[in-house]
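Subject: Structure handover

Hello,

Here is the structure you asked for. My notes on it follow below.

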Amino acid sequence: MNKLSIETTRAQEFIDQSSFEKLEKEIYYKNIDLDQKKGRGSDYLGWHHLPSTISTDLINDIKATAARIRKKANYFVVIGIGGSYLGARAVIEALSNPFAAYKTDDNPKILYAGQNLSEDYLYNLLQLLDNEDYALTVISKSGTTTEPALAFRLLKDHLEKKYGEEEAADRIIAITDASKGALRNLAGQKGYKTYIVPDDVGGRFSVLTPVGLLPIAIAGFDIELLIDGAKKMESLCSSSASPKVNPAALYALTRNALLKKGYTVEILINFSPTLMYFNEWWKQLYGESEGKEHKGIFPAGANFTTDLHSMGQYIQEGQRNLFETLIAVKSPKNKVIIPNDKQNLDGLNYLSGKNVEYVNQMAQLGTSIAHVDGGVPNIKIEIDQINEDSLGQLIYFFELAVAYSGYLLGVNPFDQPGVEAYKRNMFALLGKPGFEKETKEIRKKLQ
């Protein structure tokens with residue numbers, strides 16, 4: 001049975017225990033605020049009991065749609081930005097063969113658009129899709145967020161010219177608001193298959209809704225196992241806010257106790273390259289949830305051992321304001337044995353007969369010891385294997401922990417007011433109707 005565990009002994013020596021105990025008492029009441037929806041942002045707690053309440057009918061509908069798309073398409077484009085694509089990509093990349101560059105096992109290759117404004121990226125994507133069968137989903141509550149709206153306009157036009165309007169409509173799935181917005185209106189006009197983004201689930205918490213589940217299912221992975229993993233973690237954490245039994249509470253308490261000692265940067269690390277996009281999902285989840293009112297821990301990510309040869313020097317001997325959280329994996333899916341070499345010019349015969357993961361595990365342990373000796377606290381989160389069940393557990397674990405952390409910081413973990421600042425400036429510079437005042441103001445700044 002897959003089981004997530006957390007170990008904090010290599011962080012405790014850096015923590016003031018009286019501070020930790022004070023936070024431990026405080027988190028008891030923060031948990032009540034979550035359960036009774038009394039805390040800040042309580043209108044966005046739809047994720048809190050989502051794993052245990054998701055509809056079987058919805059899961060079956062998503063699976064049926066995924067089966068239909070798999071018969072039609074070699075490629076499936078996910079159009080979205082931030083939480084509208086990062087959760088799905090985190091799971092898909094973690095579970096996929098990184099060298100499967102094309103459709104395999106009857107599952108489309110998943111591509112992404114709407115997460116940037118690069119003209120070259122979109123041009124190259126369209127060039128690829130000229131000669132391939134594809135379908136897409138566009139994910140947006142409003143349908144007017146610039147990056148995905150622009151990408152969707154281009155790809156919708158491309159699909160309609162390639163297949164005709166009727167067939168194009170059958171290849172487009174809109175995941176949007178239940179009743180309002182530009183995308184909802186267009187979907188009604190064109191007859192797109194639609195799924196709802198729940199009103200009470202923010203984008204960065206939406207991976208266990210159709211936002212994440214549809215692309216994951218189309219990629220060929222088991223969304224029921226993913227949900228079951230999240231359900232296990234929900235059940236485990238709902239019994240108590242005590243860090244002795246609630247791993248999300250222990251993580252939230254430890255990182256906030258470290259913050260009080262001046263550790264303002266957290267680096268999420270892994271020794272499994274397929275988890276790179278899990279780091280990216282986590283960075284958004286924690287950055288948007290905590291980074292407000294001039295508070296919060298800065299979330300960074302690193303992929304070891306690769307980044308030990310780039311960022312390792314700084315982590316070992318740079319400013320002592322950072323700590324590491326490791327996602328450790330007990331067992332790989334496959335085994336590769338190191339062969340004996342008669343010449344032994346590389347000096348590696350002492351490893352002959354051992355599997356590569358043994359070397360990776362020793363690198364992991366050696367890194368942790370070195371960094372702790374160098375003044376970098378370490379938290380270790382361990383899963384048995386990278387699969388749907390363990391990823392579901394990790395998703396819910398990190399979601400609940402960031403809710404606790406936000407409440408301990410005294411911020412609303414479920415809004416993101418700062419994201420709008422760049423949008424206002426961009427709209428003003430582009431001359432968007434309704435932003436005439438802002439256009440005048442920003443032109444003055446540029447003089």
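Two strands count as paired if DSSP finds at least two bridges between them. Helices (H or I, at least four residues) and strands (E, at least two) are DSSP runs, numbered from the N terminus. This is a predicted model, in which local features need pLDDT of at least 70, side-chain atom pairs count only at pLDDT 80 or more, and totals for chains, interfaces and linings use all residues. Residues are numbered from 1 along each chain as its sequence is written, and side-chain values use heavy atoms, with hydrogens and water left out.

Start with isoleucine 269. In β9, its bridge partner is leucine 326. In β8, isoleucine 269 stands opposite alanine 302. β7 (residues 265-270) runs parallel to β9, and 6 bridges join them. β7 also pairs with β8 (residues 298-303) in the parallel sense, over 6 bridges. β9 (residues 322-329) pairs with β10 (residues 378-383), again parallel and over 6 bridges. There, alanine 328 stands opposite glutamate 382.

Burial comes next. Buried means under 20% relative accessible area, exposed over 50%, and partly exposed in between (1.4 Å probe, protein chains only). In β7, 6 of the 6 residues are buried, so the strand is largely enclosed by the rest of the structure. Val265, Ile267 and Ile269 point one way; Glu266, Leu268 and Asn270 point the other way. β9 is mostly covered, with 8 of its 8 residues buried. One side carries Leu322, Glu324, Leu326 and Ala328, the other Phe323, Thr325, Ile327 and Val329.

The five-stranded open sheet

An open sheet of 5 strands has the order β3-β2-β4-β5-β6, with parallel pairing. Its edge strands are β3 (109-113) and β6 (193-196), each pairing on one side only. Neighbouring strands are turned by 20° against each other on average, direction ignored. Axes are lines fitted to C-alpha atoms, for helices over the stretch in contact, and angles run from 0 to 180 degrees between N-to-C directions.

β2 (residues 75-79) and β4 (residues 134-139) pair over 5 bridges. Phenylalanine 76 stands opposite alanine 135 in β4. Helix α6 (residues 119-129) packs on the sheet and touches β2, β3 and β4; its direction makes about 145° with that of β3. Contact means heavy atoms within 4.5 Å. Helix α7 (residues 146-163) lies across β2, β3, β4 and β5 (172-176), at about 150° to β4.

Helices α2 and α16

The axes of α2 (residues 17-36) and α16 (residues 388-409) come within 10 Å and cross at roughly 110°. That makes α2 roughly perpendicular to α16 (under 35 degrees is roughly parallel, over 145 roughly antiparallel, 65 to 115 roughly perpendicular, the rest oblique). From α2, Leu23, Glu26, Ile27, Lys30, Asn31, Asp33 and Leu34 take part in the contact; from α16, Leu400, Ala403, Tyr404, Tyr407 and Leu408 do. These residues divide into 8 nonpolar, 1 polar and 3 charged (Ala, Val, Leu, Ile, Met, Phe, Trp, Tyr, Cys and Pro count as nonpolar, Asp, Glu, Lys and Arg as charged, and the others, Gly among them, as polar).

Glutamate 234

Glutamate 234 is in helix α11 (residues 223-238). At 6% relative accessibility, glutamate 234 counts as buried. Not counting residues up to four places away in sequence, glutamate 234 touches His48, His49, Pro51, Ser52 and Tyr396.

Best wishes
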